[in-house]
Protein chains: 2
Amino acid sequence: MAAADDGRKAIFFGRFISAPGPESLLIRQGAVLVSSSNGHGVLEKTDWTLITPAAAFKAFGVEEQDVDFHQTMNNGFFFPGFIDTHIHASQYPNVGIFGKSTLLDWLTTYTFPLEASLGGKEPLADTNGAYEGNRGTEIVNYSTSNPLSKADAVYTKVIRRTLSYGTTTASYFATISVPATNLLADLAFKFGQRAYIGRVCMDHPDTCPTYYRDETPDQSLANAIASIEHIQKLDSKGELLAPIVTPRFAPSCQPETLSLLGQLATDRKLRVQTHISENIGELALVKHLFPQYESYTDVYHQAGLLTSRTILAHGIHLDDRELETIRTQGSKISHCPASNSALGSGFCPVRKLLDNGIDVSLGTDVSGGYSVSILDSVRQACLVSRQLGFVNGGDKKWNIGVTEGLWLATVGGAKCVGMEGRLGGFEPGMLFDVQEIDLSGENSPVDIFGWEKWDERIDKWVWNGDDRNVRNVWVGGRMVHSGK
Amino acid sequence: MAAADDGRKAIFFGRFISAPGPESLLIRQGAVLVSSSNGHGVLEKTDWTLITPAAAFKAFGVEEQDVDFHQTMNNGFFFPGFIDTHIHASQYPNVGIFGKSTLLDWLTTYTFPLEASLGGKEPLADTNGAYEGNRGTEIVNYSTSNPLSKADAVYTKVIRRTLSYGTTTASYFATISVPATNLLADLAFKFGQRAYIGRVCMDHPDTCPTYYRDETPDQSLANAIASIEHIQKLDSKGELLAPIVTPRFAPSCQPETLSLLGQLATDRKLRVQTHISENIGELALVKHLFPQYESYTDVYHQAGLLTSRTILAHGIHLDDRELETIRTQGSKISHCPASNSALGSGFCPVRKLLDNGIDVSLGTDVSGGYSVSILDSVRQACLVSRQLGFVNGGDKKWNIGVTEGLWLATVGGAKCVGMEGRLGGFEPGMLFDVQEIDLSGENSPVDIFGWEKWDERIDKWVWNGDDRNVRNVWVGGRMVHSGK
């Protein structure tokens with residue numbers, strides 16, 4: 001699987017496509033030279049005039065035998081890796097399982113029991129009537145001597161799956177369990193995915209189940225720190241792997257806990273992720289739990305959690321003052337269209353967020369979202385935007401097109417995880433986090449008839465492509481997935 | 001590929017799942033005996049007590065060597081084939097290509113030029129500025145000596161693709177070309193898909209492009225009949241292949257044409273398909289073109305096109321009087337959620353249609369819809385219903401769940417194509433139109449961890465499954481696709 005991850009250089013030759021702007025699909029033919037060590041491979045040189053591999057070797061001054069060489073297929077291209085700015089790794093086994101629930105009943109019925117079990121802690125049946133523990137007729141053989149065996153199986157699967165769909169960077173929620181969260185970090189580091197990993201902080205006795213919550217604000221903070229320090233030991237530079245402070249969402253945290261975490265993020269200059277303004281019932285709950293605050297946004301603002309390194313998932317029902325606060329603070333929104341539709345949460349007004357100067361990216365929100373595929377999130381972002389246009393009298397200004405969706409999934413993601421200019425394109429100095437796409441091949445779900453222009457082939461990829469079109473994936477120049 | 005299509009009998013053994021009702025997922029273990037000749041294989045016997053293949057041979061009184069035998073995998077099951085009640089075969093090359101258009105500009109920009117080209121007739125560049133003919137840098141080598149070579153390529157692909165996704169029955173729109181429509185019928189018959197095939201009738205000089213329309217009402221009728229008679233010659237019984245009278249939609253037909261087609265459908269007891277009430281701009285156009293009619297529905301009603309054998313695609317914006325007329329006439333609605341979202345057409349109130357006693361089924365509406373997969377239509381029907389619930393103040397009554405979606409895709413489809421009780425389940429006497437699903441296997445996009453209950457596995461299939469999970473497909477007992 002190695003490629004340019006051992007100090008060797010690599011040349012990538014062929015078609016390079018990216019979406020540097022919301023209306024700009026950049027299609028170039030040429031070659032790039034990647035120099036790499038320890039997973040920090042960057043684009044050293046690019047040349048968009050080269051038309052043969054031989055010309056590339058010559059132009060970059062290297063001998064063929066001294067470099068790795070990768071060339072796109074006839075209907076293939078290199079594309080920046082996708083950035084999933086909101087995904088609950090721990091919920092992966094529940095993708096597609098949500099019945100007719102909406103956010104708050106979904107949490108108690110499906111989500112908390114699963115998350116708790118990854119820490120080796122099965123809730124008692126009577127703590128939640130809807131939960132049946134290890135269900136079904138088949139027996140799951142998780143080792144009882146290793147309480148993390150279930151987390152190991154789940155986290156291994158979710159990292160492999162997301163890589164196979166071209167997700168090179170993910171901002172993960174884990175669970176409240178420190179050892180399970182640390183295991184997720186170990187695995188992401190081992191598999192080479194760029195990952196921000198957050199132990200979930202939640203301790204509000206009125207909203208969190210007894211079997212799944214931190215006991216006090218101090219314990220919540222201490223456990224957050226324990227996980228942060230483990231992660232920082234794995235990657236001291238914090239470029240491939242980094243911790244992210246993760247209060248679940250306002251309703252599940254005591255005000256003191258939110259403030260402690262805000263202080264922690266400020267003191268240690270850490271990333272932050274949480275949820276905001278997803279569901280109408282949730283808004284009412286926030287109002288009930290935090291009556292002294294001006295708004296949902298104000299709860300986070302007063303706790304010091306709204307930084308320029310903060311990712312807020314959803315942001316569907318924010319009012320203008322909240323948008324202004326978020327913009328001023330430089331916090332980011334992760335738009336999760338699949339989840340919003342699946343849980344009936346509403347329509348995120350992406351155009352309005354962007355017009356207000358707020359950075360937006362895409363999140364799968366597994367398992368509120370049913371798919372680990374950011375390509376599917378691009379699709380759903382397009383669909384939801386058209387529905388929002390319909391709701392607003394047919395106004396096309398709301399439309400997110402394919403190019404803009406891909407821009408959100410790459411450049412937008414880079415901005416939201418604090419990697420603007422380092423991820424999401426093919427410019428010299430950028431990290432080589434790239435997926436190689438092949439639209440042809442026997443197993444491709446996409447049919448190219450041959451007369452389609454390249455922007456139409458991209459349309460076809462977005463609407464019908466899947467992991468079968470992902471031929472290879474590199475993170476920091478290291479090949480981390482091969483679907484060949 | 002043969003299985004029980006040569007007079008032999010076949011036993012299918014293992015897990016059988018179906019959705020006989022909107023809230024009823026029927027999961028049975030046992031065996032069925034299928035007797036078959038010439039693609040008319042029916043379920044002769046079922047037995048839901050059998051637990052070994054040997055018991056099945058014995059119970060059905062057959063010797064192992066005298067029958068074909070198929071058994072589901074560990075995470076596999078037989079499921080009724082999907083019924084796509086609205087698909088434009090001719091538009092398949094455009095799946096995913098629609099830019100930011102809505103219905104009326106999508107027709108002129110993307111659709112009419114492509115449809116015309118399948119009849120061997122390329123529009124001149126100046127008839128439509130947006131159309132560039134055979135575009136792109138690569139050359140398409142369709143034989144100029146065979147004007148149907150493009151149609152052959154496209155129709156072969158769409159039939160193979162739909163079969164691979166488990167669509168055993170499709171109600172196809174072709175184009176206005178008689179030879180190309182007949183070719184689609186030939187191919188569907190050859191590949192063994194159950195298909196209703198309609199030559200598209202459109203002749204309104206104000207709305208149809210000069211390069212793509214019937215010249216007069218009489219020509220429209222004569223060409224419809226020419227294709228109908230070709231199809232009826234292929235399958236005189238009309239059970240596997242049948243014609244369907246297909247006025248494109250009211251705005252593209254002169255009133256006289258609609259009446260001639262209504263009379264034709266009545267005289268010959270033929271199926272009918274068309275579009276209704278899809279898009280706000282279309283409603284205004286109908287009002288403009290048919291000022292003397294009470295409603296869109298009334299245009300079809302007065303033309304005699306609303307029969308109990310009529311499939312109306314979309315039906316998003318119908319008022320109560322229109323619903324009452326449709327119910328009284330026994331006409332059916334094909335709900336096309338992917339298309340409605342993609343073109344920003346609105347939210348079809350499926351619950352209201354059902355509550356009004358109207359039969360509803362699912363259509364992919366390729367290429368207004370971007371996918372040939374009815375499984376994806378089930379997903380989109382669920383998503384759209386939740387959004388409709390949100391729009392209606394969070395009312396869960398609008399929710400279409402996974403089981404109801406599958407019911408629409410099978411039993412609903414059977415009702416809408418006039419095959420109620422003959423398709424969509426595993427009861428004795430029914431036709432054996434079946435897909436064998438396997439959720440496991442190296443290439444499955446679905447991850448089964450082992451503790452999921454069977455209804456949850458079905459959830460996972462619906463939300464993340466695709467053609468890789470379709471192991472085999474039978475129509476009338478004949479194996480028409482194998483993905484092994």
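Between domain 1 of chain A and domain 2 of chain A the count is one salt bridge, meaning a side-chain nitrogen of Lys or Arg within 4 Å of a carboxyl oxygen of Asp or Glu. The side chains of A:Asp433 and A:Arg194 form a salt bridge at 2.7 Å, N to O.

This is a predicted model: local features need pLDDT of at least 70, side-chain atom pairs count only at pLDDT 80 or more, and totals for chains, interfaces and linings use all residues. Residues are numbered from 1 along each chain as its sequence is written, chains are lettered from A and ligands numbered from 1 in written order, and side-chain values use heavy atoms, without hydrogens and water.

The domain assignment, automatic or from a database, gives chain A domain 1 (9-81 + 424-482) and domain 2 (83-416). The contact (heavy atoms within 4.5 Å) takes 34 residues from domain 1 of chain A and 30 residues from domain 2 of chain A.

Together the two domains of chain A bury about 2,600 Å², 64% of it on carbon and sulfur atoms. Buried area is the accessible area (1.4 Å probe) lost by two parts on being put together, summed over both. A:Pro22, A:Val462 and A:Trp463 supply 23% of the area that domain 1 of chain A buries against domain 2 of chain A, more than any other three residues.
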